[in-house]
Amino acid sequence: MKHHTFIVGLVGCLGVAMAHAQNVDFVEPQNGQTVPTTFTVRFAVQGMTVAPAGDLTEKTGHHHLLINAADIEENAVIPMDDQHRHFGKGQTETQITLPPGSHRLTMQFADGAHRSYGKAYRKTIEVTVK
């Protein structure tokens with residue numbers, strides 16, 4: 001009976017942890033993947049709701065894609081240039097074109113004023129463009 005109680009408790013704890021998960025992820029491409037010059041990037045977020053830029057409702061924000069750029073610390077405003085792409089309309093996917101070679105892609109979720117949510121809402125992958 002103790003074993004059964006332990007498993008039920010463990011499953012319950014995992015359910016609570018998953019319900020409160022906070023992170024971002026690349027749906028595609030995957031880390032280490034080789035991609036064509038133009039490819040689709042799809043974003044996912046858990047623990048926040050996607051909303052357009054300007055919406056400062058708590059626990060909302062939008063995606064930013066950093067291409068071969070340094071990480072953006074929590075509460076810092078994300079620049080807007082070719083290396084820092086903003087998806088302020090609430091987009092969750094895009095097509096990008098990069099030259100052949102290895103590229104570092106970082107997804108950074110930020111609030112309606114483009115202030116980074118920091119490490120908890122940042123994910124970096126490497127892709128090779130053929």
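What percentage of the 130 residues of the protein chain count as buried? The share that counts as buried is 35%, where buried means under 20% relative accessible area with a 1.4 Å probe, protein chains only. This is a predicted model, in which local features need pLDDT of at least 70 and side-chain atom pairs count only at pLDDT 80 or more, while totals for chains, interfaces and linings use all residues. Residues are numbered from 1 along each chain as its sequence is written, and side-chain values use heavy atoms, with hydrogens and water left out.

**Overall make-up**

- The protein chain holds 1 helix and 9 strands, taken as DSSP runs numbered from the N terminus (helices: H or I, at least four residues; strands: E, at least two).
- Along the sequence, the order of these elements is α-β-β-β-β-β-β-β-β-β.
- Among contacts (heavy atoms within 4.5 Å) with a separation of 6 or more, 66% link residues 24 or more positions apart.
- The accessible surface is about 7500 Å², and carbon and sulfur atoms contribute 57% of that area, computed by the Shrake-Rupley method with a 1.4 Å probe.

**Strand S5 and its partners**

- S5 pairs with strand S4 (residues 49–50) in the parallel sense over 2 bridges, pairing being assigned if DSSP finds at least two bridges between two strands; here Val-50 has Gly-61 in S5 as its bridge partner.
- S5 and strand S8 (residues 101–110) run antiparallel and are joined by 6 bridges, with His-62 bridged to Ala-110 in S8.
- S5 also runs antiparallel to strand S6 (residues 84–86), over 3 bridges, and Leu-66 stands opposite His-84 in S6.

Technical notes
Buried means under 20% relative accessible area, exposed over 50%, partly exposed in between (1.4 Å probe, protein chains only).
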